Amino acid sequence: SRNGPCSDHQKLPKLGPSNVNSSALTGNGENAELSSMTFVSDLFAIALGGSIGAVLRYLITLTVVSAPLSGWLTLHGSVGTTLSNLLGCCALGGLFQFSQALVASDWVATGWAASLAHPRTLLAVRIGVLGSLTTFSTLIGETAVFASQGRILASSMLLGINVIAGWCLFWAAAAVVRNWTS
């Protein structure tokens, strides 16, 4: 089933002139206003999560760059990008399985897990925090820099580590959460 609090198919109000004064057009101002408020609240949740993820990514990269052996370790910041991507893949794998457990079984989240299960919280974490923490465009830019310097092996390894290790961490975290929720 693709329904439930973790569905990627959330119904969003249409943007544009058709939604400008929908209460006057439909005669049902309360529902139109609620729908617009829900949409705006979702956007604010995503923006808040995005600011948290962006700051986390910056702090991770800053920590790596300022570490001992930083010249060797950073490879122009690519280690910070890789750590951010791998952390994001791991977190997304756990969140994916958490969402699946909520939708596909009789498991009921309690405590902090119940707070995480709220659709707006999932948007803030999945799209906001993890979307801005991970960075595919920066990864591609860094691999392109290495390739343009003739460092094809470094470029290929950077891309391979991000994709393969990210994939493995996603499914490893999903397995841990699957055991926790079953």
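Predicted model: local features only at pLDDT ≥ 70, side-chain atom pairs only at ≥ 80, totals over all residues.

The angle at which helix 4 and helix 8 pack is about 30°, and their axes are 7 Å apart; here axes are lines fitted to C-alpha atoms, for helices over the stretch in contact, and angles run from 0 to 180 degrees between N-to-C directions. The crossing of helix 4 and helix 8 is right-handed, where a crossing is left-handed if the near helix is turned anticlockwise from the far one by less than a right angle, and right-handed if clockwise.

Residues are numbered from 1 along each chain as its sequence is written, and side-chain values use heavy atoms, with hydrogens and water left out.

Now the overall picture. The protein has eight helices and zero strands, and helices (H or I, at least four residues) and strands (E, at least two) are DSSP runs, numbered from the N terminus. Of the 182 residues of the protein, 32% count as buried, and by buried I mean under 20% relative accessible area, with exposed over 50% and partly exposed in between, for a 1.4 Å probe and protein chains only. If we take the contacts between residues at least 6 apart in sequence, 69% of them join residues at least 24 apart, and contact means heavy atoms within 4.5 Å.

Let us turn to helix 7. Helix 7 covers residues 136-148, and its 13 residues reach 18 Å from the first C-alpha to the last, close to the 18 Å expected at 1.5 Å a residue; the expected span of a helix is 1.5 Å times one less than its number of residues. Which residues of helix 7 are buried? They are Leu139, Glu142, Thr143 and Phe146. Seen down the axis of helix 7, these buried residues fall within an arc of 95°, so they line one face of the helix, the arc being that of the directions from the helix axis to the C-beta atoms. Just after helix 7, Gly150 takes a positive phi of about 80°.

How do helix 7 and helix 8 meet? Their axes come within 7 Å and cross at roughly 160°, and helix 7 and helix 8 are therefore roughly antiparallel to each other, with a left-handed crossing. From helix 7, Leu139, Ile140, Glu142, Thr143, Phe146 and Ala147 meet Ile152, Ala154, Ser155, Leu158, Leu159 and Asn162 in helix 8.

My last pair is helix 4 with helix 6. Helix 6 (residues 119-133) packs with helix 4 at an angle of about 160°, with the axes 9 Å apart, and the crossing of helix 4 and helix 6 is left-handed. Among the residues making this contact are Leu87, Ala91 and Leu95 of helix 4 and Leu122, Val125 and Leu130 of helix 6.

At 25% relative accessibility, Val125 counts as partly exposed, and, leaving aside neighbours within four places in sequence, Val125 is in contact with Leu95, Leu116 and Leu130. The C-alpha atoms of Val125 and Leu95 are separated by 8.9 Å, although these two are 30 residues apart along the chain. Leu116, found in helix 5 (residues 112-116), counts as buried at 17% relative accessibility. Finally, Gly131, in helix 6, is partly exposed, with a relative accessible area of 43%, and its C-alpha atom is separated by 6.9 Å from that of Gly50, 81 residues apart along the chain.

Conventions
Parallel < 35°, antiparallel > 145°, perpendicular 65-115°, else oblique.
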